[in-house]
Amino acid sequence: DLHTHIGHTFDRLGGAGLRSVELDSLITYVTKMPAPPAFEADSAKVARGAKIFASKEAGCATCHSGGALTDGASHDVQSKAKADKGKSFNTPSLHLVGGTGPYFHDGRYKSLRELLRKSDGTMGKTSHLSEADMDALETYLKTL
């Protein structure tokens, strides 16, 4: 749940956390925020992106699976930052991912495209994708 997730985040980043009343206020605020607007896209491009996402070659659905688009596990994605206490990270859900940048646990990737290109080999495989296929994958992700 959100309480546990925020607690893990503070712990992983070496923070002291929040008092109970502050944590409850933060969770109330976050849960009342409106969702990003729906992303409109060409259905053929979205279908192509979904196929790439599910492909064994790209490997996205290996960790981002099921109704929540997460396996609920932690993985070492070989990207530990100085402030991180550990080297493994929870697989985030991809719901509404198109409107939630910057990306990665520390916000190092400003766009989905940057994340898809620069995390190649540690979070799926995208270097083999053509620009058209990369565009289709990014478009699909924005519709989740």
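Analyst: A polar atom of the Ser119 side chain lies 2.5 Å from the backbone oxygen of Leu115. A polar contact here is a pair of N or O atoms within 3.5 Å; within protein, one must be able to donate a hydrogen and the other to accept it, and residues adjacent in sequence count only if both atoms are side-chain atoms. This is a predicted model, in which local features need pLDDT of at least 70 and side-chain atom pairs count only at pLDDT 80 or more, while totals for chains, interfaces and linings use all residues. Residues are numbered from 1 along each chain as its sequence is written, and side-chain values use heavy atoms, with hydrogens and water left out.

User: Where is Ser119 placed, and is Ser119 buried or exposed?

Analyst: Buried means under 20% relative accessible area, exposed over 50%, and partly exposed in between, with a 1.4 Å probe and protein chains only. Ser119 sits in the loop between α5 and α6, and counts as buried because its relative accessibility is 3%. Helices (H or I, at least four residues) and strands (E, at least two) are DSSP runs, numbered from the N terminus.

User: With which residues is Ser119 in contact, leaving aside its neighbours within four places in sequence?

Analyst: Contact means heavy atoms within 4.5 Å. With those neighbours left aside, Ser119 is in contact with Tyr109, Glu114 and Gly124.

User: Ser55 is another serine in a loop. Which backbone atom does the side chain of Ser55 reach at 2.7 Å?

Analyst: The loop holding Ser55 runs between α3 and α4. The Ser55 side chain reaches the backbone oxygen of Ile52 at 2.7 Å, and a polar atom of that side chain lies 3.2 Å from the backbone nitrogen of Ala58. With 17% relative accessibility, Ser55 counts as buried.

User: How do I read the length of a helix, and how many residues has α6?

Analyst: The expected span of a helix is 1.5 Å times one less than its number of residues. Helix α6 (residues 131-142) has 12 residues, and its reach of 16 Å from first C-alpha to last is close to the 16 Å expected at 1.5 Å a residue.

User: Which residues of α6 are buried, and what covers them?

Analyst: The buried residues are Asp133, Met134, Ala136, Leu137, Glu138, Thr139, Tyr140 and Leu141. Their cover includes α3 (43-54), α4 (60-63) and α5 (112-118).

User: How do α3 and α6 cross?

Analyst: Axes are lines fitted to C-alpha atoms, for helices over the stretch in contact, and angles run from 0 to 180 degrees between N-to-C directions. Angles under 35 degrees count as roughly parallel, over 145 as roughly antiparallel, 65 to 115 as roughly perpendicular and the rest as oblique. The axes of α3 and α6 come within 7 Å and cross at roughly 95°, which means that α3 is roughly perpendicular to α6. On the α3 side, the contact is made by Lys45, Val46, Arg48, Gly49, Ala50, Ile52 and Phe53; on the α6 side, by Asp133, Asp135, Ala136, Leu137, Thr139, Tyr140 and Leu141. The residues of this contact divide into eight nonpolar, two polar and four charged. In that count, Ala, Val, Leu, Ile, Met, Phe, Trp, Tyr, Cys and Pro are nonpolar, Asp, Glu, Lys and Arg are charged, and the others, Gly among them, are polar.

User: Which residues does Asp135 contact, beyond its neighbours within four places in sequence?

Analyst: Asp135, found in helix α6, is in contact with Lys45 and Arg113 once those neighbours are left aside. The side chains of Asp135 and Arg113 are joined by a polar contact of 3.4 Å. Asp135 is partly exposed, with a relative accessible area of 28%. C-alpha to C-alpha, Asp135 and Gly49 are 7.8 Å apart in space, and they are 86 residues apart in sequence.

User: Which backbone features deserve a check?

Analyst: Most residues other than glycine have a negative phi, and most peptide bonds are trans. Here the peptide bond from Gly101 to Pro102 is cis, with omega near 0°; Pro102 lies in the loop between β2 (88-90) and α5. Phe104, also in the loop between β2 and α5, is not a glycine but has a positive phi of about 85°. Leu69 has a phi near 55°, likewise positive in a residue other than glycine. Leu69 belongs to the loop between α4 and β1 (74-76), and counts as buried at 11% relative accessibility.
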